[in-house]
Every structure is written in structure tokens, then in C-alpha cells.
Amino acid sequence: MIDLKNVYKIYETGDVEVHALDGISLHIDKGEFVAIVGQSGSGKSTCMNIIGCLDVPTDGEYILDGIDVSTMDDDELSYIRNNELGFIFQQYNLIQKLSVINNVELPLIYKRYPKEARRKIAMEALERVGLKGMENRFPQQLSGGQQQRVSIARALAGEPSVILADEPTGALDSKTGIEVLALIKKLNEEGNTIILVTHDNEIAEQAKRVVRLQDGKIVEDRPGRGQ
Amino acid sequence: MDIGQSFILAVKSLMASKMRALLTMLGIIIGVSAVILISGMGEGLTAKVEETFTSMGSNIVTAMALRQTETKYVDLDKLAEFASETEGMKYYAPYTQTSATAKFGTEDASTTVYGTNEDYASIRDRGIASGRNIQYLDVEREQRVCVVGSHVIEELFGDDVTNDELIGEQLKINGTTFKIVGIMEEKASGMAGGDDDMILIPYTVAQKVFNIQYVNMFYFTYENGDYADTIIDKVDRFFYNIYDNADYYFIMDAQSMMEEMYDMLDTITSILVAIAAVSLLVGGVGIMNIMLVSVTERTKEIGIRKAIGANKFDVLSQFVIEAITTSVIGGTIGIMLGIFFTNIASVILGIEGKVTFGAVAIAVGVSSLIGILFGYMPAKKAADMHPIDALRHE
Ligand SMILES: Nc1ncnc2c1ncn2[C@@H]1O[C@H](COP(=O)(O)OP(=O)(O)OP(=O)(O)O)[C@@H](O)[C@H]1O
Ligand SMILES: [Mg+2]
């Protein structure tokens, strides 16, 4: 379902050209749980942003669900993100002045769902991440782990084909991190395709497949222990 | 985009920083209230002018002979003939105007005495409360009779007598005895110096008593507005034939004076409203300024929304709705303040200010337009943000 073909991402900072992605080809099927690992600066986030349609490659092809997204414009990419992808960020990225339920409803607002349907789906998503009863709180009133669960619920509410998580446990203590990871694993077991970026080998091994990046290139692609 | 939610969010963020919201809206508030105040007072002034002119009487042409000599003077018989023969002419009254002292017993009153004919009362819209008006024969036979205004009656006789009792009484005007034949209905609340402070006598008598050789003021009225131009024209020609020179007489009609006055008031009001509108513009720039700050502050939020699937239009409309909400709330406060100030100004200036529905509608329309106009640029900036750059922003 995800098909990167010889993808380059080149940043030009002053005179220096940075090859953040240097000819990557990667195929990910439906239902997979892939961990992308590598040292800092190896291109993990860049790769994730391209898979997440937040950015477009400088060169190469990206086919998502049979659609070539590498040449799409801004609004078309918004549509794909809204309908195919769910994001879990390291910093949760919740909107502080919106209540928990309103945050979770956000992708559905942009899908133009009617209010009742939005409410119902968002409540179900909150229940799935174990936050039932907290829908009217605001993000500041939650712990880091709870906030991350809200962001997972938000990703789920959009019923995406792929869930992308960039360092989802990076801002959490190890115990909460393990809980969140367990939740992500459970989502995979329920059939969601998951791509997870981490520099923590322990976490990476929980995935079914581990892809290692170095200097913008894939240097390793093997099954993980989660298999 | 969910308009309801955008609106609620906009109100919330305004409430969150009230001082900033107030400063943002200040320009709009001042602009709108100034427009409401000025247009309201303009309306009031126009109404006041209209009232003044209406009380002067409508369909009236006034002529004044500025200089009369043995050879060039207004022949009253000819003028009466001219008036009766002219089609569309309704009333005609020559008149003199003299300050005089009226006396009854030991009481006296200084007042204005008009020497005129039987039509004067109709022309000036004066009703007779008791007795009768001046009549044609009074003029012809130089009868020393008078019709008295209510203020003079009160000065001379006090409140204790009824009008009817006074008919037939005699009073002295500058020493000459006159018989009271009529009393006029009150018109100007009985005020001194107003329409009730006057006495009417036959002009033939006035000429004798006050030693006036030539009557020099004349009223003409026409049947209806259709005759206005021809009557003014004919009166003008009558006087021109006497003098062969337009400098020796003067003709004016209430209608065209009123129209000129309206035009002038309209122009003044428009200019003032235009000046006030400039402050609306400044208010719009204020909103744009704050919106730009707000967009920068909320870059991260914009990034999140875009990452989750908001497209350009979603983000654009969110910020435009916010700008409109701000300016419309400012406009509403401005309208209320404008009405408040109009009421205060009405009391201070003694002019009944009128806030019209039109002015309010325009104020609302203009302030939402300003929201769209000045909110668009910052909103566009937000909509065009690149999601990754926006997300990275702290
Ligand atoms: N906007 C940009 N402009 C210029 N260079 C960039 C930009 N974004 C990333 N890079 C460069 O591209 C390379 C890959 O960056 P990337 O963020 O993908 O690394 P990463 O693997 O996610 O690292 P980390 O583990 O620290 O998050 C780095 O060398 C980085 O400096
Ligand atoms: Mg990274």
C-alpha cells in the first residue's frame, strides 16, 4: 500500500546540499508494523513526513494506495492526510484551547461529518484509548501519557489506512512509554497499519519489521521480534 | 469548516484577552459610533430645519420692495388686481411690521404690530380662537380694529379672563385706541417674541398710525407646488416692471430655500460621515495588525490543523470568521455607544437626534466588510503555511 521508489529529499542550506533522503525505496503492506530507526540526523523524520504527505520528495515517486502523491498540490495532500493518514507526534500536538473531545473531533470536522456522527466516533475513539469520562477536560489538565492517548484517539477517529508515529514515547517516562507502546501494538493487532519512528532499539524490537536509516539511505531491513 | 465552532472559538479567544480585544476593536468602535452619532444628529438637524420651514408656512412666496419713490413704488391696487387675476394664486397679503407698545389700563406690553389684510391669517396659518379675523371692509374703511395674539392678551389682561369677554374691549397701540375684534389661537406656546406676541391691524390703518408711506412687504401663496415656478416668475416680473432693475426688490420662496438648506445639510453630513468612515478604515487596519500577530502566535495550531487535514479554505475561513466576529462585536459596541452619544448630544444641543435603521444597517454591513477585507490577508498567510514549518514553530 505504501510504495516509495527511489525517493530523494535534498535541502539546500547556503552552499551545502543536505541529502536528508538519498534514494530510498521502501514497500509497506497493509497491516504491517514497521519501526524506522537510525541515528539522529539520519533522515527518519524526513522519511516520515514524506510518507505522511506533510512534505513532497525532491525526486522519486511515492504511491499511496495506488495514488501517486509525489506531484499533488497542497489541498490534495490535505485531503489525503485527512482521509488516509493518522499522526501521533512526539509533542502530542493537541490544540490547547480545545477540549479533549473537540481535539479528537478535529479530523472529522475537516471530513465534514455532521455533529452527531463526530461526537459518536470521537467518543468511541476515546474509549478505545481508555480515556472515557475525560472528554470535557482540556489538554493542560492531563498527564503526558493521557495527552498522548488523546492524540492517538484523534489519529484513530479519522479511520486512517496508516498510523504514523514519530517518537511517540519520546516525551514520556519509561513506564508510561511502555503503556502507550502497548496501546499502539494493540491497534496493530486490530488491523491498523503502523509506522513508528524511534531511536530506541528496545522499542523498535516490538515492531514486526525494523528499517534502519543511515545518512538518508536504508542500511538494514529485517523482521523485528514483534513478528 | 464548522462555522459555529469557529465563531465560538473567536469569541473565546477575544474573552481570553479582553484588554487586547478592546484595543483591537477600538478603531471600529470609535468609527461606528462616530458614524451613528453624526448621521443621527444630521437627521435630527434636517428634521428641525424642516419643522422651522413648515411653521413658516408652505407654498409661500415673499416679496420685499427695498426702496420706493414717488415715481417707482408698488401700487397696492394694481398688485391686488394682479394677484386676483393670476392663475394658481391663492392668497395675497401686503404687510408692514412695526414694534409698538400696547396698553390696557395700567398694563402695557411691547409687541410687534402687523398692518395687513384679511388673508394674512390664512397665509401664516393662524386660526381665530374668539371673535373674527380682519375683514376686507376694515381695510377699505380704515377701521381701528385689531386681532391680538395670546401672549399679548396674557400680558395685558392676565389669566383670569376668558377670550370671549375681551372681544369688544379697547386697547391703545402707541396711543391710538383700537377695538379688539378677535383673538388668535395659540401657536408658539405663548412665548414672548414668538408667533403669539403680535397684533394684526388693517394695513391702511397702520400706514396712518405709524406714518408709513409705502407698504414694502408682500406675501403670496399658490394653490399647489405645480404653480410654484410660474407664480415666482410672475411676481418677479411684476416687480421688475416697476423698477427695471432687480436690485430694488427681493423675492424668496420657502420651498427653494428649504431645498437649498437640505442640500447644504446633506453635504455637511456626508463630509462628516466620510471623515468618521476614515476612522473605520483605521480600525480595520488595527484588526489586520492584531490578526497578523495572532496568526504568528498560532502557527503551531495552524500546523496541527493542516497536518490533520484542514485545507487552505478551512484555515482561511477560520481566521476570516474570527476577524469578522471581532469587527462585528466591535461594530455592535460602536452602535450602542453611538446611540448613547446621540441621546446625550440631543439633550445638550436641543436637537432631537434620530438613529435610523439605515445607519445601523450600514454600520453592521461596513464592519463585517472590514472584517472580511482586513481579515483576509492574515488569514491567507495562515492558509498558505507549510504544515511542517508550521508544526516546527514553537
Ligand atoms: N528544513 C530543513 N532544512 C535543511 N535541512 C534539514 C531540514 N530538515 C531536516 N534537515 C536535515 O536533514 C537531515 C535529516 O533530518 P531528520 O529530521 O530527518 O533527522 P532524524 O533522523 O529525524 O533525526 P532525529 O533523530 O534527531 O529526529 C538532517 O541532517 C537535518 O539537518
Ligand atoms: Mg526526527
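A residue counts as near a molecule if one of its heavy atoms lies within 4 Å of it.

Some ground rules. This is a predicted model: local features need pLDDT of at least 70, side-chain atom pairs count only at pLDDT 80 or more, and totals for chains, interfaces and linings use all residues. Residues are numbered from 1 along each chain as its sequence is written, chains are lettered from A and ligands numbered from 1 in the order in which they are written, and side-chain values use heavy atoms, with hydrogens and water left out.

Now the site. Ligand 1 is surrounded by 13 residues, and the closest are Ser40(A), Gly41(A), Lys44(A), Ser45(A) and Thr46(A). Which chains supply the surrounding residues? Chains A and B both do, so the site is shared between chains.

Next, distances to oxygen atoms of ligand 1. A polar side-chain atom of Ser40(A) sits 2.5 Å from one. For a polar side-chain atom of Ser45(A), the value is 2.7 Å. Gly43(A) uses a backbone N or O atom, at 3.0 Å.

On to helix packing. In chain B, helix α1 (residues 3–16) packs with helix α12 (residues 312–349). Helices here are DSSP runs (H or I, at least four residues), numbered from the N terminus. The angle is about 55°, and the axes are 9 Å apart. The contact (heavy atoms within 4.5 Å) includes Phe7(B) and Leu14(B) of α1(B), and Ile321(B) and Glu322(B) of α12(B). By class, it has 7 nonpolar, 5 polar and 1 charged residues.

Definitions and conventions. Axes fitted to C-alpha atoms, helices over the stretch in contact; angles between N-to-C directions. Helix = DSSP H or I, 4+ residues; strand = E, 2+ residues; numbered from the N terminus. Nonpolar A, V, L, I, M, F, W, Y, C, P; charged D, E, K, R; others polar. Polar contact = N/O pair within 3.5 Å; in protein donor to acceptor, adjacent residues only side chain to side chain.
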